[in-house]
Amino acid sequence: KLNQWFPQPALQFFSKLEPKDRLLTWQEASTLANLSAEQFAQLVELSIDTALALHVFFAERNLDLWDGKLEFVFDPNIPQPLLLADCVGPDEIRLLYKGVHLSKEVLRQHYRPTAWYKSLATARNIAAKNGREDWQQICRDELKQSPQPLPADLKTLASQLYLVLSNEIIGKTIFPSQPNLQEFVKQLEKKLSSQNKSNLKK
């Protein structure tokens with residue numbers, strides 16, 4: 001159901017070797033990763049353990065871990081060959097504070113109503129029908145669509161997001177002159193509300 005939390009982490013695998021991420025079956029993921037059955041089982045266990053640990057970590061800071069991605073590397077020359085090789089931040093995960101998104105989702109919400117965003121699906125369809133992979137070039141050169149620069153105030157908020165979250169998560173003022181999390185969320189909600197009203201008028 002919409003907005004209902006899963007009782008446990010839901011694990012999915014995607015290919016990162018194609019123009020667009022593709023959902024894989026577990027068998028495809030295991031084959032593509034070139035892992036043995038035992039190694040793949042360890043990867044699954046490590047992924048779930050990491051997700052649960054992050055969920056608790058952020059919950060202790062009044063943040064909800066909505067979803068995210070984890071990337072691992074395999075080094076057979078060390079005792080524990082599976083290693084998490086990724087950042088944990090607004091670019092890789094989606095956090096919520098009292099229902100407000102604190103991640104790249106903020107930027108997606110800004111661009112979704114635009115002509116550029118809507119043209120992406122068209123560009124991908126054209127590329128697929130013609131056996132091409134250059135859908136981004138199709139969007140830019142053939143459909144004449146490109147994303148507009150972010151408004152200055154939203155750009156400032158997007159930049160502040162990283163600084164505010166760092167202060168909140170670490171529990172220290174690493175980046176001074178930043179609003180606290182509650183103040184920042186109020187500013188963000190005000191901007192998004194104003195933006196939504198503007199989109200409805202268009």
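**View A. Lys-144 follows helix α5 and has a positive phi, near 60°.** This is a predicted model, in which local features need pLDDT of at least 70 and side-chain atom pairs count only at pLDDT 80 or more, while totals for chains, interfaces and linings use all residues. Residues are numbered from 1 along each chain as its sequence is written, and side-chain values use heavy atoms, with hydrogens and water left out. Helices (H or I, at least four residues) and strands (E, at least two) are DSSP runs, numbered from the N terminus. Helix α5 covers residues 135–142. Trp-135, Ile-138 and Cys-139 are buried in α5. Buried means under 20% relative accessible area, exposed means over 50%, and partly exposed lies in between (1.4 Å probe, protein chains only). Do these three sit on the same side of α5 or on opposite sides? They are on the same side, because they cover an arc of only 100° around the axis. The arc is that of the directions from the helix axis to the C-beta atoms. An α-helix has 3.6 residues a turn, so residues three or four places apart point the same way.

**View B. The buried residues of α5 pack against α4 (115–129).** Contact means heavy atoms within 4.5 Å. The buried residues of α4 are Ser-119, Leu-120, Ala-123 and Ala-127. What covers them includes α5. Helix α4 has 15 residues, which should span 21 Å at 1.5 Å a residue. Its end C-alpha atoms are 22 Å apart, which agrees. The expected span of a helix is 1.5 Å times one less than its number of residues. Just after α4 comes Gly-131, with a positive phi of about 65°.

**View C. Three strands form an open sheet in the order β3-β6-β7.** Their pairing is antiparallel. Two strands pair if DSSP finds at least two bridges between them. Which strands stand at the edges? They are β3 (64–68) and β7 (100–102). Each has a single partner strand, so one side of each is left without a neighbour in the sheet. From one strand to the next, the twist averages 30°. Helix α2 (residues 37–59) packs on the sheet and touches β3 and β6. The direction of α2 makes about 150° with that of β3. Axes are lines fitted to C-alpha atoms, for helices over the stretch in contact, and angles run from 0 to 180 degrees between N-to-C directions.

**View D. Strand β6 pairs with β3 over four bridges and with β7 over three bridges.** Both pairings are antiparallel. Leu-95 in β6 stands opposite Leu-65. Leu-95 also stands opposite Leu-102 in β7. The bridge partner of Tyr-97 is Val-100 in β7. How many residues lie between β6 and β7 in their hairpin? There are two. Lys-98, in the turn, has a positive phi of about 55°. Four of the five residues of β6 are buried, so β6 is largely enclosed by the rest of the structure.

View E. Is Ser-103 buried or exposed? Ser-103 counts as buried, at 3% relative accessibility. Ser-103 touches Pro-90, Ile-93, Arg-94, Leu-95 and Leu-161, not counting residues up to four places away in sequence. Lys-104 is partly exposed, with a relative accessible area of 32%. Lys-104 touches Pro-90 and Asp-91, again not counting residues up to four places away in sequence.

**View F. Helix α6 (residues 152–170) bends by about 30° at Gln-160.** The bend at a residue is the angle between axes fitted to the seven residues ending there and the seven starting there. The 19 residues of α6 should span 27 Å at 1.5 Å a residue. Its end C-alpha atoms are 28 Å apart, which agrees. Buried residues in α6 include Gln-160, Leu-161 and Val-164. Just after α6, Gly-171 takes a positive phi of about 85°.

**View G. Asn-34 lies in the loop between α1 (26–33) and α2.** Asn-34 counts as exposed, at 68% relative accessibility. In sequence, Asn-34 and Glu-133 are 99 residues apart. In space, they are 25 Å apart, C-alpha to C-alpha.
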